[in-house]
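Me: I would like to learn how to read a model of this kind, feature by feature. Where do we begin?

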Amino acid sequence: MEKVGRGKKFSHLCSKFVLKAFLALFCAVFFNLIRISVSLYTMLPSLLRWFARTLIIVGCSFAGATAQTCLLSGRLTDADSREPLAGASVYCPVDNTLAITDDKGGFSLLLNARYDSVIVVFNQPGYHSLQRAVRADTQDVYLEVALENTGHAIQEVVVEANNLYREKLSSTQTSLSTLTALEAKALPALLGEVDIIKTLQLKPGIIPGPEGTTGLFVRGGSSDQNLVLLDGATVYNANHLFGFFSTFNADAIDQVSVYKGGFPAHFGGRLSAVLDVGSRTGDLEDFSVSGGLGLISSRLTLEGPLQKGKHSFLVSGRRTYADVITRTINHLNRNVADYNPIPDYYFYDLNAGLHFTLSPKDRLTVSSYLGKDDFHFVDDNFDFDFDWGNTASTARWRHLFNDQWSSDLSVVYSRYQYNIENRLDGFFFRAGSTVQDAGIRAAMLHLPHPRRSIRFGLDATNRRFDVARLNAGSNDGQIRFSSGQRFEGTELAVHATEERQISARWRLSTGLRASAWLYAGDAFFGLEPRLSTSYSLHPVWTLKASYVRMYQYAHLLAGTGLSLPTDLWYPGTSGLRPQISDQFTAGVVHVFQEHYLFTWEAWYKKMQNQIDLIDGADLYRTPDLESQLTIGQGYAFSPMELEFEKKNGRLTGWVGYTLAWVRRGDFPDVNGGRYYAPRYDARHNASVVAMYRQSKRWQFTGTFVYTSGYAAWLPEGRFTFSDIPGVPAQPVVPVYGDRNTFRYPAYWRLDLGVIRKFKTRKGAEHDLTFSLYNATGRRNPYFIYLDPGYETVLIAEQPVKVPTSIQAKQVSLFPALPSVTWNFKF
Amino acid sequence: MRSTTGFVLLLMVTLAACDLSREVEIDLPEYTPQPVVECYLEPGQPFRLLLTRSFAFFDPFGLDTAFLENTLLQGAAVSIRYNGTSTMLTNTLSGAYANGKVYNYASPDTVPDTPGITFELDIVLPDGKQISGTTTMLPKVRWDSIVVQRNPDDTLVYRVLSYMTDDLATSNYYRRVMSINRTDTIPEQDFLVTDALNETGLFVFGTGYQLKFKYRVYNTLVHLPKEYHDFLESIQLALAGSENPFQQPSPIKSNVSGSANPIGIFTCLVYDLDSTTVR
């Protein structure tokens with residue numbers, strides 16, 4: 001009893017301390033959000049104000065209505081050990097709603113409360129499935145459910161296929177992949193650094209960027225055509241360390257959904273994909289500390305209830321520590337002559353979230369993200385700083401009016417910024433860019449009938465760009481260079497979607513998004529129809545099709561197709577019309593042997609107003625940045641995007657394959673206007689992901705990825721450039737012809753992983769995660785360069801250095817790389 | 001870009017150490033060799049032109065005299081017209097082999113020192129195909145001053161600051177070349193600048209505190225026509241693009257054209273050279 005008392009006291013003290021810290025942090029966040037909201041309110045046109053007033057009036061009028069919907073939440077545990085059961089399914093057959101438990105066994109499910117009580121089914125491999133009747137009246141329900149173990153090593157449990165795959169079979173949604181942080185954590189990772197975005201690269205239809213990076217090229221789109229949302233706030237550069245790691249700390253993330261096509265009307269602003277990343281909310285019941293020590297970074301997460309069962313907090317941080325080592329080395333060598341100091345580099349992420357259950361009908365969540373990379377170098381000639389990072393905050397209020405109406409209101413803020421600074425004695429150089437969003441999103445959901453739903457809403461975002469801001473000169477002001485442009489505009493959208501079950505077999509979703517970009521007296525409008533349908537041929541066979549049009553009003557100016565922190569975001573202007581895409585998708589979904597989901601999709605995408613840099617573009621030394629751009633078209637298609645997926649049992653995973661073509665062209669200043677394959681045009685892309693849970697303690701994982709050769713622009717010819725007196729000749733100058741006519745060798749890689757879980761007598765959990773990246777040690781091509789060899793010969797009795805040979809050299813980035821990470825939770 | 005290049009160099013060294021760089025055999029697309037023109041009209045110097053040919057990337061190099069024979073494009077008719085006169089450049093080998101400055105067409109006439117004058121180049125190759133180009137001589141821009149400063153924290157090292165004044169009324173392009181102690185090695189600094197972002201008209205180029213007593217610093221300031229600037233920039237990008245995966249390559253931007261499908265540059269070379277001894 002005494003121990004329990006001390007534990008409670010400690011937990012209470014921690015909660016109080018964390019609460020105080022977070023109140024201070026979130027007061028600041030709230031203040032900013034309120035300030036943004038006020039400025040938005042005064043800025044937005046009368047339509048928005050009308051909408052906001054209407055929402056408030058509607059909210060007030062419905063507040064008195066009798067609500068008949070309830071939120072079922074709770075926790076699923078092992079009946080013997082009381083350990084939480086993660087990845088279990090919680091299914092309500094009457095409402096056809098499904099939830100999967102998180103790593104703490106937590107779940108939540110919105111139930112339609114037309115019935116006095118409903119049956120909810122709990123399933124977990126290795127456990128007896130359990131049915132519970134839940135009284136779904138006006139009050140939210142919280143359940144503690146324990147499942148009985150089958151008594152021996154985990155066995156296959158036949159789960160009705162419809163439970164897990166019903167959503168896939170019945171929904172009109174096409175081209176959607178979902179991945180949980182739990183899955184990402186189980187898979188082997190480069191240097192042990194779990195990255196949910198890199199795991200997404202294993203899904204069909206997504207071509208990964210260069211080796212080891214987080215680049216995603218979705219269905220022929222470039223990486224800037226992906227809308228990355230963290231709790232609804234746009235993340236403009238979701239990368240650390242030149243794209244080798246994403247900004248998403250898996251400890252703070254719940255799951256990510258990637259829409260490759262069939263976009264719902266409430267998403268817009270990018271052509272090719274939506275990555276909807278959702279943060280975890282803190283545990284409503286218990287205070288916990290978790291984290292991990294890895295090769296390059298460490299993580300720590302604190303979470304727990306602020307008021308048990310109602311309010312919770314979560315804070316999670318990650319930081320690399322290579323700079324601690326390099327600073328020590330530099331310090332030890334500070335007196336060594338001619339020692340070249342090692343530059344400092346680190347990155348960190350900080351996620352924080354608050355969750356409030358204000359009433360049975362009102363939920364408020366506030367989440368915030370702050371991440372930064374910092375590179376610093378000092379020697380006799382340089383005092384150089386380069387930092388970049390994202391900030392994103394969201395406050396989201398969900399309100400349930402009654403069993404037919406609910407609302408969802410978010411205020412979002414996001415900012416991406418990079419700064420470069422160099423100081424010399426008497427002189428300085430500063431450069432940077434910023435893109436900043438402040439906006440609101442309001443939506444109403446109406447369920448007039450079990451077979452019909454309507455969603456409509458409005459998005460308004462004030463967006464500011466500080467592009468290629470540069471200042472340089474002497475401290476006395478005699479010498480001064482400057483450039484940069486500032487843009488500020490508003491992106492507006494109203495959207496509505498109706499989903500209707502027309503017959504027992506046929507469902508149709510009809511949506512329309514009307515978007516606009518208002519900037520400096522110019523206005524660009526776009527009508528974006530969204531149609532998708534499903535037809536059930538058989539209980540386990542469904543045909544699907546969709547058509548979507550997307551508009552993109554913010555453009556990334558990047559030359560190499562790689563994601564660099566210095567890439568510039570630039571707004572639509574009279575010279576840069578919105579990018580437009582039209583995508584058609586058709587496919588089939590099939591569930592077989594009750595465990596396997598098969599999806600086949602074919603798609604065609606046409607893209608207009610594509611942007612490229614002219615050859616030799618210089619975005620920093622020109623006052624007119626648009627003169628460095630050229631506008632063209634593009635298209636991509638795939639007759640075959642396949643996925644076999646198994647979500648339950650001891651062995652889970654998927655196999656994916658995509659056959660696709662991508663082309664860009666009609667750029668007046670690039671490639672003579674001829675069409676060419678962009679760098680990320682890979683004909684074949686295949687992946688195999690397997691997770692095998694051998695026991696409670698041991699789990700084995702493996703991934704295999706194959707991508708046929710990327711397109712590359714290599715020189716076709718060479719010449720000798722003599723140059724002027726005083727400057728040595730260049731014996732080998734490459735001559736580049738048509739773009740991307742060369743193909744790299746195919747890329748393939750096998751990664752293996754083992755997880756060993758431990759549990760202490762006091763109940764603390766920890767595990768060791770072993771990863772072997774590139775297990776076969778294959779030398780995959782990162783890039784190929786051409787390397788001339790030279791000899792000095794006598795010509796007319798004078799020694800002259802002449803080239804004698806040229807070799808093509810392939811650089812690979814990673815050999816077989818083992819890593820181990822220790823994760824803990826108590 | 002400098003930081004990116006440094007990162008890439010460090011990366012390549014590290015990868016080589018890990019045996020992650022290896023020779024591979026690749027097939028490049030078919031390439032038809034092109035004539036290459038380099039002609040720098042330097043006031044007071046004879047008219048000289050280098051006419052060579054390009055090669056498919058993996059074509060073998062010739063050694064000794066075969067190298068020049070393979071490279072030089074001989075037997076062309078070359079003429080340059082200016083101010084109503086025309087000078088023929090005969091097919092003669094001249095120049096200094098040691099620093100690589102060889103010309104295979106030359107005229108005894110000297111280039112006039114008249115800013116604003118326009119020159120027109122005509123070349124007819126032995127197969128009848130033609131090359132033409134035009135350039136205009138720019139005025140020389142001189143260094144205002146070269147300042148030597150001693151490091152206040154370490155009196156044994158110095159830096160040199162080179163000042164110049166630009167005419168902001170016109171768009172100007174410059175190439176700054178700085179060498180230490182000798183001019184026949186790779187320069188310490190060699191870069192292109194424009195005045196597009198300059199607000200005061202004053203430029204300064206500097207070294208770090210790296211120079212020692214009695215070092216000799218050669219500062220060259222070349223005033224470039226835009227087409228010469230673009231040509232040099234495209235060469236830099238072509239070189240960088242073949243070595244650096246983060247750098248987009250560029251085709252060569254030439255100011256010569258014609259049925260021979262040439263690449264190259266025909267330009268005036270107007271520069272101010274200063275040599276300063278550190279003391």
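Reply: This is a predicted model. Begin with strand S31 (residues 568-571) of chain A, where both faces are covered. A:Leu568 and A:Tyr570 are buried on one side, A:Trp569 and A:Pro571 on the other.

Me: Which strand pairs with S31(A), and over how many bridges?

Reply: The partner is strand S30 (residues 554-557) of chain A. The two run antiparallel, joined over four bridges. Look for A:Trp569 in S31(A): A:Leu556 stands opposite.

Me: Which residues touch the most other members in the largest nonpolar core?

Reply: A core is a set of buried nonpolar residues joined through C-beta atoms within 7 Å. The largest one here has 107 residues. A:Tyr570 is one of those that touch the most other members, along with A:Ile196, A:Leu229, A:Ile253, A:Ala273, A:Val274 and A:Leu275.

Me: Is A:Val802 buried or exposed, and why?

Reply: Count C-beta neighbours inside 10 Å; the cut-off for buried is 20 or more. A:Val802 has 22, so this residue counts as buried. It lies in strand S45 (residues 798-811) of chain A. Check the distance to A:Glu791 as well: 11 residues away along the chain, yet 5.6 Å between the C-alpha atoms.

Me: How do I read chain A as a whole?

Reply: Take the secondary structure, then burial, then contact range. Chain A has six helices and 46 strands. Of its 826 residues, 45% count as buried. Take the contacts between residues at least 6 apart in sequence: 65% of them join residues at least 24 apart.

Me: What are the corresponding values for chain B?

Reply: Chain B comes to three helices and 20 strands. Its residues number 279, and 35% of them count as buried. For contacts with a separation of 6 or more, 63% are between residues 24 or more positions apart.

Me: Which strands of chain B form the open sheet, and in what order?

Reply: Read the sheet strand by strand. The order is S6-S5-S10-S11-S18, five strands with antiparallel pairing. Strand S6 (85-89) and strand S18 (256-257) of chain B each have a single partner strand, so one side of each lacks a neighbour in the sheet. Strand S5 (residues 77-82) of chain B pairs with S6(B) over five bridges. Within that pair, B:Arg81 stands opposite B:Ser86.

Me: How many residues of each chain are in contact across the interface?

Reply: Count both sides. Here 76 residues of chain B are in contact with 70 residues of chain A. On the chain B side, helix H3 (residues 226-241) gives the largest share, seven residues. That side has 44 nonpolar, 20 polar and 12 charged residues.

Me: Which strands pair between the chains?

Reply: Strand S39 (residues 717-721) of chain A pairs with strand S4 (residues 55-56) of chain B. The sense is antiparallel, over two bridges. A:Gly717 has B:Ala56 as its bridge partner.

Me: What confidence does the predictor give?

Reply: The complex has an ipTM of 0.91 and a pTM of 0.81. Chain B has a mean pLDDT of 88, and 89% of its residues reach 70 or more.

Key
Residues are numbered from 1 along each chain as its sequence is written. Chains are lettered from A and ligands numbered from 1 in the order in which they are written. This is a predicted model: local features need pLDDT of at least 70, side-chain atom pairs count only at pLDDT 80 or more; totals for chains, interfaces and linings use all residues. Two residues are in contact if their C-beta atoms, placed from the backbone, lie within 7 Å. Ala, Val, Leu, Ile, Met, Phe, Trp, Tyr, Cys and Pro count as nonpolar, Asp, Glu, Lys and Arg as charged, and the others, Gly among them, as polar. Two strands pair if DSSP finds at least two bridges between them. A residue is buried if 20 or more other C-beta atoms lie within 10 Å of its own, exposed if 12 or fewer, and partly exposed in between; C-beta atoms are placed from the backbone. pLDDT is the predictor's confidence in each residue, from 0 to 100.
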